[in-house]
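Good morning, and thank you for coming.

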Amino acid sequence: MTPRSSGLRAAGGNLVVWGYALMIAGPMLWILSNSFKRQIDILMGVTIAPATLSNYQSVLFSRQSDFLMNLFNSAVVAVVSTAIVLFVATLAAFTIVRLQPPRWVTYLVLGWTLIFHMLPTLTFVGSWYVMFAELGLHGTYLALILTHVVHNLPMALFLMTGFVMNIPKELIQAARLDGCNYGQVFRHLVLPLSLGGMAAAGALAFIYSWSDFAIALNLSDKDTMTAPVAIATFAQEYQIRYGEMAAAAVLSMLPALAFILFGQRFVVRGLLAGAVK
């Protein structure tokens, strides 16, 4: 390969990376700039306008807005559902990989989770709405948490299966020879060695749950409305409050952004380690 062709390939790669970064960062910067503009400046398409905090004040402190409660609802649903997903996925991965159930059971579980993960979320929302309405659970935290667990569990199970497979089986055999039962092996050996995978699966499950719109739109009510659904309410029949919508979108991005920046190292390491097998 000549130096010229190598340089062209590097320049093409950089162009693709920067183009992809621009596709992601461009809309976020546009929303961020609109959150500091007045409604009239946004409607007039003014690029550079005097900055104002009125949109944030309206979203956070006005009587017409309950956005802080909406953020709290999102946090409750995302944190609790992520904790349940991690516990169930890690335990299921340990059972599938190290307890060696009949092979058809493993294929059945992993095949079903793969098919379930490939189906669109909206396929199930109608059934979930009817089921929780019949049980009197529509509009409750329990309905949202259970559906988010079901939705995120396949992804976490596949990630944790790859991680548990990377734990040497000789360690588990040595622990068994020392007298540990499988419960003690799971608590004292598998869990500590799986923290990286749990961080990766947890970060992804939290972000998926935090940003969910379709499930929360159908299963929440006024008291349990999450942030993505609340943002959509700023677009009404005769008026779209662009500035307040942009400010709410920026506020809703901050927790997920901080979470992914904090756990980025674990996410990358976890995805790579899970892909080794």
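Predicted model: local features only at pLDDT ≥ 70, side-chain atom pairs only at ≥ 80, totals over all residues.

**Annotated spans and the fold**

According to an unreviewed UniProt entry, the annotation "transmembrane region" covers residues 15–33, 71–97, 104–129, 141–168, 189–210 and 245–262. UniProt positions are given here in the numbering of this talk, feature names are shortened, and such annotations may be inferred rather than shown by experiment.

Residues are numbered from 1 along each chain as its sequence is written, and side-chain values use heavy atoms, with hydrogens and water left out.

Let us begin with the chain as a whole. How many helices and strands does the chain have? There are 13 helices and zero strands. Both terms refer to DSSP runs numbered from the N terminus: helices are H or I runs of at least four residues, and strands are E runs of at least two. The pattern along the sequence is therefore written α-α-α-α-α-α-α-α-α-α-α-α-α. Along its principal axes, the C-alpha trace spans about 75 × 70 × 30 Å.

Two of the annotated spans may be examined individually. Residues 71–97 are 100% helix and 0% strand, and the end C-alpha atoms of this span lie 38 Å apart. Residues 104–129 are 88% helix and 0% strand, with end C-alpha atoms 33 Å apart.

Next, the surface and the interior. The chain has 277 residues, of which 38% count as buried. Buried means under 20% relative accessible area, exposed means over 50%, and partly exposed lies in between, using a 1.4 Å probe and protein chains only.

As for charge, the chain has 15 positive and 10 negative charges, and their mean positions are 18 Å apart. Lys and Arg count as positive and Asp and Glu as negative, whereas His and the chain ends are not counted. Each charge is placed at NZ of Lys, CZ of Arg, CG of Asp or CD of Glu.

Contacts also deserve a word; the term means heavy atoms within 4.5 Å. Among contacts between residues at least 6 apart in sequence, 75% join residues at least 24 apart.

**Selected residues**

I turn now to helix α4, which comprises residues 67–98 and contains Thr82. Is Thr82 buried or exposed? Thr82 counts as buried because its relative accessible area is 9%. Setting aside residues up to four places away in sequence, Thr82 touches Gly202, Ala205 and Phe206. The side chain of Thr82 also reaches the backbone nitrogen of Phe206 at 3.5 Å. A polar contact is a pair of N or O atoms within 3.5 Å; within protein, one must be able to donate a hydrogen and the other to accept it, and residues adjacent in sequence count only if both atoms are side-chain atoms.

Thr90 lies in helix α4 as well. Thr90 has a relative accessibility of 1%, so it counts as buried. Which backbone oxygen does the side chain of Thr90 reach? It is that of Leu86, at 2.7 Å. Beyond its neighbours within four places in sequence, Thr90 is in contact with Met160, Phe186, Leu191 and Met198.

Helix α8, residues 169–177, includes Lys169. Lys169 counts as partly exposed because its relative accessibility is 46%. Although Lys169 and Arg98 are 71 residues apart along the chain, their C-alpha atoms are separated by 7.5 Å. Leu171, which also lies in helix α8, is partly exposed, with a relative accessible area of 39%. Leu171 touches Leu189 and Leu193, not counting residues up to four places away in sequence.

Finally, consider Asp41, in helix α2, residues 39–44. The relative accessible area of Asp41 is 8%, so this residue is buried. How far apart are the C-alpha atoms of Asp41 and Gly243? These atoms are separated by 9.5 Å, while the two residues are 202 apart along the chain.
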